[in-house]
Amino acid sequence: MADDLFKALADPTRRTILDELTDKSGQTLFEICARLSMKHQLGISRQAVSQHLAVLEAAGLVETRREGRYKFHDLNTAPLRQIAERWLAPDRSGPEESSP
């Protein structure tokens, strides 16, 4: 799971898509494409955005739901929290002293 997560986060376009879903979750593919084009001047096809969303969904960072003929994309931050909890455990021992 961590491999898919890091692969998804490695691409700057996917990080931009996540930024847009952070600003407004529950967007359609059309809305995401429009925001990428207008706000970020990314000339990227709908198919390419759809492929990026598939990678993000496989990593668990995006969840989709259908309402009628529309498919909405929602941000899921749970995988990021799991990674943070894995390596950023609270420091209980106090400041470490370096030994010579």
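This report describes the fold, the surface and the aromatic residues of a predicted model.

Residues are numbered from 1 along each chain as its sequence is written. Local features need pLDDT of at least 70, side-chain atom pairs count only at pLDDT 80 or more, totals for chains, interfaces and linings use all residues, and side-chain values use heavy atoms, with hydrogens and water left out.

The protein has five helices and two strands, taken as DSSP runs (helices H or I, at least four residues; strands E, at least two) numbered from the N terminus. Their order from the N terminus is α-α-α-α-β-β-α. Of the contacts with a separation of 6 or more, 52% join residues 24 or more positions apart; contact means heavy atoms within 4.5 Å.

The accessible surface is about 7,000 Å², and carbon and sulfur atoms hold 51% of this area (Shrake-Rupley method, 1.4 Å probe; for residues, only the protein chains shown count as cover). Of the 100 residues, 30% are buried. Buried means under 20% relative accessible area, exposed over 50%, and partly exposed in between (1.4 Å probe, protein chains only).

| Residue | Relative accessible area | Class |
|---|---|---|
| Phe6 | 40% | partly exposed |
| Tyr70 | 44% | partly exposed |
| Phe72 | 16% | buried |

Phe6 lies in helix H1, residues 2-10.

One aromatic pair is counted, where ring centres of Phe, Tyr and Trp (its six-membered ring) must lie within 6.5 Å; planes under 30 degrees apart are stacked, over 60 edge-to-face and the rest tilted. Tyr70 and Phe72 form this tilted pair, at 6.4 Å centre to centre and 45 degrees between the planes.
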